[in-house]
Amino acid sequence: MEFTDSMIENAINHPDRIIEETECKRIYHKFLVEDQSENLLRVFVNACKKPALVIAPLIKHRKSINMNIKFDKEADAIYLKLSDAEVAESDEEKPGIIIDNLIRMVILLG
């Protein structure tokens with residue numbers, strides 16, 4: 001996907017998110033969907049310049065995520081599956097919260 005001047009203007013005037021990295025540097029995020037593909041347009045702007053100066057627009061291609069949520073009554077746990085990839089290893093981040101390489105999260109309720 002190529003970006004146009006109107007896409008950049010739209011990202012700055014109607015962003016989905018703005019990140020202020022420094023007093024002058026802002027990053028405007030705009031999600032774009034085209035042909036069942038989701039992309040993120042990130043526009044880096046020097047806001048201290050008058051008029052504001054676009055430093056670099058960047059489009060990042062994103063894969064869509066089919067999240068699956070399951071409640072297991074017997075285990076008293078909630079499973080959040082973020083990917084169909086195989087789980088390589090699991091870590092218990094906090095007591096009762098197990099994360100599998102950001103593929104799956106298990107929350108033990110009991």
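Does Cys48 count as buried, exposed or partly exposed, and what is the relative accessibility behind that label? At 40% relative accessibility, Cys48 counts as partly exposed. Here buried means under 20% relative accessible area and exposed over 50%, with partly exposed in between (1.4 Å probe, protein chains only).

## The model

This is a predicted model, in which local features need pLDDT of at least 70 and side-chain atom pairs count only at pLDDT 80 or more, while totals for chains, interfaces and linings use all residues. Residues are numbered from 1 along each chain as its sequence is written, and side-chain values use heavy atoms, with hydrogens and water left out.

## Overall make-up

The chain has one helix and nine strands. Along the sequence they follow the pattern α-β-β-β-β-β-β-β-β-β. Helices (H or I, at least four residues) and strands (E, at least two) are DSSP runs, numbered from the N terminus.

Of the 110 residues, 20% count as buried. The accessible surface comes to about 8300 Å², and carbon and sulfur atoms hold 50% of that area. These areas come from the Shrake-Rupley method with a 1.4 Å probe; for residues, only the protein chains shown count as cover. Contact means heavy atoms within 4.5 Å. Among contacts between residues at least 6 apart in sequence, 25% join residues at least 24 apart.

Helix 1 spans residues 5–13, and Met7, Ile8 and Ala11 are buried in it. Seen down the helix axis, these buried residues fall within an arc of 100°, so they line one face of helix 1. The arc is that of the directions from the helix axis to the C-beta atoms. The face turned away from the buried side carries the exposed residues Asp5, Ser6 and Asn13.

The largest nonpolar core has nine residues: Met7, Ile8, Ala11, Tyr28, Leu32, Leu41, Val43, Val45 and Ile59. Helix 1, strand 2 and strand 3 are the elements that give two or more residues to this core. A nonpolar core is a set of buried Ala, Val, Leu, Ile, Met, Phe, Trp, Tyr and Cys residues joined through side-chain atoms within 4.5 Å. In soluble globular proteins, nonpolar side chains tend to be buried together.

## Two residues and their contacts

Leaving out residues up to four places away in sequence, Tyr28 touches several residues, including Ala11, Pro15, Leu41, Val43 and Val45.

His29 lies in strand 2 (residues 25–34). His29 is buried, with a relative accessible area of 8%. Beyond its neighbours within four places in sequence, His29 is in contact with Pro15, Asp16, Arg17, Ile19, Leu40, Leu41 and Arg42.

## The disulfide

The structure holds one disulfide. A disulfide is a pair of cysteine sulfur atoms within 2.5 Å. Cys24 and Cys48 form the bond, with their sulfur atoms 1.7 Å apart. Cys24 lies in the loop between strand 1 (17–20) and strand 2, and Cys48 in the loop between strand 3 (37–46) and strand 4 (53–62), so the pair ties together parts that are 24 residues apart in sequence.

The torsion about the S-S bond of Cys24 and Cys48 is about -85°, so the disulfide is left-handed. Cys24 is partly exposed, with a relative accessible area of 25%.

## Hairpin and cis bond

Strand 5 (residues 68–72) and strand 6 (residues 77–81) run antiparallel, joined by five bridges. Two strands pair if DSSP finds at least two bridges between them. Ile78 in strand 6 is the bridge partner of Phe71. Four residues lie between the strands of this hairpin, where Asp76 takes a positive phi near 55°.

Pro51 sits in the loop between strand 3 and strand 4. The peptide bond from Lys50 to Pro51 is cis, with omega near -5°. Most residues other than glycine have a negative phi, and most peptide bonds are trans.
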